[in-house]
Amino acid sequence: MDIVESIHDLPVQDPPVEEFSSADLTWTKFGNYENHDDAALIPYDRVDEFIIGECSNLEYPTRFHIERGRKRKKGSLREYSDDEFLEYKLYWCSFGPENYGEGGGTLPSRKYRLNTRNRAARPQSMRGCTCNFVVKRLYARPSLALLIYHQRRHVNKSGFVCHGPLDGDAIGPAAKTVPYICNEIQQQTMSMIYLGVPEENILEKHIEGIERYCPSNAKVNSLASQYVHKLGMIIQRSTHELDLDDQASIRMWVERNKKSIFIHQDASETDPFILGIQTEWQLQQLLRFGHRSLIAVDSTFGIKRLKYPLCTLLVFDSRQHALPVAWIITRSFSKPDVSKWMTALLGRARSVEPGWKASGFLIDDAAAETDPIRDIFGCPVLFSLWRVRRSWLRNVVKKCNNIEVQRELFKRLGNIVHGIWGGSDTAVALEQLTQDFVDQTAFMEYFKSYWVPKIEMWLSTMRTLPLASQEASGAIEAYHVKLKVKLFDDSHLGALQRVDWLVHKLTTELHSAYWLDRYADECDSFQNVKEEYIASTSWHRALQIPDSAVTLDDKNRLFAKVSSQKDSSIVHMVWNPGSEFSFCDCMWSMQGNICKHVIKVNMICESHKGYQPSMSFQSFKELLVSISKKPMEDSISQDLSMAWTMQMLEQVRNLVEVTRAEDIGAVVNNLPLHWAARKGRTGVGKPSTSLALCSGKRTAPRQKTRKRRRLSRLT
C-alpha cells in the first residue's frame, strides 16, 4: 500500500449509516517510510458515532476510554503544519493498556497497582490490550477529524487476543459456551439488585443484554440465571464493616478502591479527616456535563446526625437534573482544607481533559469559603436560596399551628430577604417581626437563637453574589431529598456514626440509582424508571400543569388557585404568588419543599404585570446596573461599561432565543453572516502579512538564531 505524506491526499469519508466503525472506512498509510500508521479523515461531529461503532464490535466488545488529551486555542500558533491539532485525544481499549492478570503489571506512569483480586479470567479485568487510536481535530480545518489507528487488533504485547469471545482464556476452558458479560451489563444488573428489583425482572434484562453478543439458548439462559443469583447473594452478604475499627475499615476500603478516590487524608493532631470519592462513571459525567457549565454543591449534609458531614458536588445533566459527580466527607471547611480537595478534584479532571473548565459554581451556605473556588476553578460564584427557604418553611409549619399564621409569617420572612435591594433596615424589620408574632414563642425562640445572630451574613451574601434560579434550586433540593431517603432509613440509624457505612451506601445504592436513571433515559429502556427520573424535580412536574389550571387573584394579588390534574375537585391555594417565598397548602410544600404548584404559579406571574420579578432576575438586573454605574459621567470608562453591558445583554438575548425556540434551524437562519478574508478562507497555515512579490523572486530564508551561529563557528 502506498504511503501518503500529506493530509490533503486523504479523502473525507462520511458513511451513510448512523453508527459506523473502522470496517466502514477506507484506511490509508499516513506518515513516512520509517513511521506510518493507518489514517482516515471524517467530519468532526461524527467522532462520537465512530467510537460507538467501535465499541459495538461483536468479536471484541469493549469500551474506549480517554487515556490522554490536549487542547489548543484557535490562534495560539503562528505557524503550523497541515496536520497540527486543535484537540488531541488518545482513546484506548478499556481492557488495557495495563494487565492485571497473572504476570501483568502497571504502566510506569501509574502511581499504584489497582485491585488485583480479580483473576485474569474475569472479563472485567484489564488484560493488557494494545488497541488504541488517536482523534485529532485539525487546527487548519476544525470541522474535520483525523483518525490515526496505532493498533487496530485487540491483542496484548505478545500478539494474542486478550478479551472477547475469541479469547479462549478469557473466562475459562468453556469460553466458547459461556456468555460474555461486559461492564455495562454487569453494572446494570448490580444497579437493579441494589434497588430491590425482583430477580425475575433482573434476569430478563440481563439476558436481553447478553443476546447482543451471542444467541440465546437453554445453556446461556441457565448460566445467566446462575450469574444473577450468585451476584445477588454476594451483594446481600456484603458488609460495610471491613474491620471493627471504623478508621481501619476506611483505610482498607481506600486501598481496595484507589481508582474511585481523588483525595484521602487520615485524621491526626494537625490535619482533619478528608475523603474524596469519585467513581470513573462520575468522572465522565463531570467532564461531560460540567465543562463550560454549572457546578452546584449540597454542603453540610447530616452535620448533626453523621460522624462527618457529607458535601456533594453536582452537575446538571441533559434534563437539568442534579447529578452527583463527587462526594467529600470531612468536618473541616477551612480555606486550606477546602483548597486541598478542590485542587485534587480539578487535577483529576484535567488529567483526562486538559481543557476542562467550569462556567459557574453554585453554593448554598453563606459561610462557605469562596476564595478557593475563584482561585482554583477560576469561575464566578452564585448563591442558591433553597437551603434558607427549606429551613424557614419547615420550622414555620412545625412550630406554628394556625395555617393563616404560617403563610403570613413565611411571607414576612420573604419580605426581609427581598428588602436587600430596597434599602430597608434589617434590624427594624426583625424588630417588627418579633412584635407582630410575639405569641409564636416556639418559632421565635428558634429564629432568635439560630438565625438572628447570622442573618446579616446571609443577607450580605445574597446581596453580593448572583442568585440562582428556582429550577436550579429545585434540582438541588430534589437530590437532597433523595439522599435523605436513602441514608436516613430507620433500619440504618445505628450505623450513622460509621464512615464506612456512609461510603458503602453512597457507592452502592445511591450510585446505582443515578446510573440506572441515566441509562434508562439515554437508552430509552426501563420506561417506569425513566418516567420517575424525568418527573423527579418539581420544575418538570410543573411543566405538566396546563396554564388553564391556574387562576390568579387579579384584584388584590394575594393568592392563586391551582386545580389538581388527577382530581378536578381538589384545588390548591398558593399565597404570596410570584415570590420564591410563596406558601402552598399541598403536602409536598408542607414538608418544606419547593412544590410544582408554586413553580407553576410563578411561571404564570412572569407574564403578568403587577407581580414582582424573581429574585434571581432581580439579582441579575442589579448586577447589570452596577456594571453600568461609574462615578465620572461622559468618560471613556462609562462608554466601556456601557459596551460591556450591551454585550452581556446581547448574549443573554441570544441564549433565551435559542432556549425557547422550537426549531433551531429558524434561529440559525436569522443569524448575521460573518465574512472572512479571502486569503484566510482558502490558505492553509500562517497567512503571509508581507507585501506581494514578483513570481520569480523567493522570500528570504529564515535566519538562524545567534546561538546556532556561535556553535557553527566553534565547529
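The protein chain in this predicted model contains 24 helices and 18 strands. Of its 715 residues, 45% count as buried. The accessible surface of the chain is about 39,200 Å², and carbon and sulfur atoms supply 51% of that area. Among contacts with a separation of 6 or more, 65% link residues 24 or more positions apart.

Let's start with a sheet. Seven strands build an open sheet with mixed pairing, in the order E1-E2-E3-E7-E6-E5-E4. Strands E1 (3-4) and E4 (64-71) stand at the edges with a single partner strand each, so one side of each has no neighbour in the sheet. Helix H1 (residues 47-55) packs on this sheet, and its direction makes about 25° with that of E7. The strands that H1 touches are E3, E4, E5, E6 and E7.

Strands E3 and E7 run antiparallel and are joined by six bridges. Within this pair, Asp-38 stands opposite Tyr-149 in E7. In general, strands of a sheet pair through backbone hydrogen bonds, in either a parallel or an antiparallel way.

Now for a pair of helices. How far apart are the axes of H10 and H11? They lie 10 Å apart, and the two helices pack at an angle of about 170°. H10 and H11 are therefore roughly antiparallel to each other. The table shows who takes part in the contact.

| Helix | Residues in the contact |
|---|---|
| H10 | Leu-409, Arg-412, Leu-413, Ile-416 |
| H11 | Ala-429, Leu-430, Gln-432, Leu-433, Asp-436 |

By class, this contact of H10 with H11 has six nonpolar, one polar and two charged residues.

Definitions and conventions: Residues are numbered from 1 along each chain as its sequence is written. This is a predicted model: local features need pLDDT of at least 70, side-chain atom pairs count only at pLDDT 80 or more; totals for chains, interfaces and linings use all residues. Side-chain values use heavy atoms; hydrogens and water are left out. Two strands pair if DSSP finds at least two bridges between them. Helices (H or I, at least four residues) and strands (E, at least two) are DSSP runs, numbered from the N terminus. Contact means heavy atoms within 4.5 Å. Axes are lines fitted to C-alpha atoms, for helices over the stretch in contact, and angles run from 0 to 180 degrees between N-to-C directions. Buried means under 20% relative accessible area, exposed over 50%, partly exposed in between (1.4 Å probe, protein chains only). Accessible areas come from the Shrake-Rupley method with a 1.4 Å probe; for residues, only the protein chains shown count as cover. Angles under 35 degrees count as roughly parallel, over 145 as roughly antiparallel, 65 to 115 as roughly perpendicular and the rest as oblique. Ala, Val, Leu, Ile, Met, Phe, Trp, Tyr, Cys and Pro count as nonpolar, Asp, Glu, Lys and Arg as charged, and the others, Gly among them, as polar.
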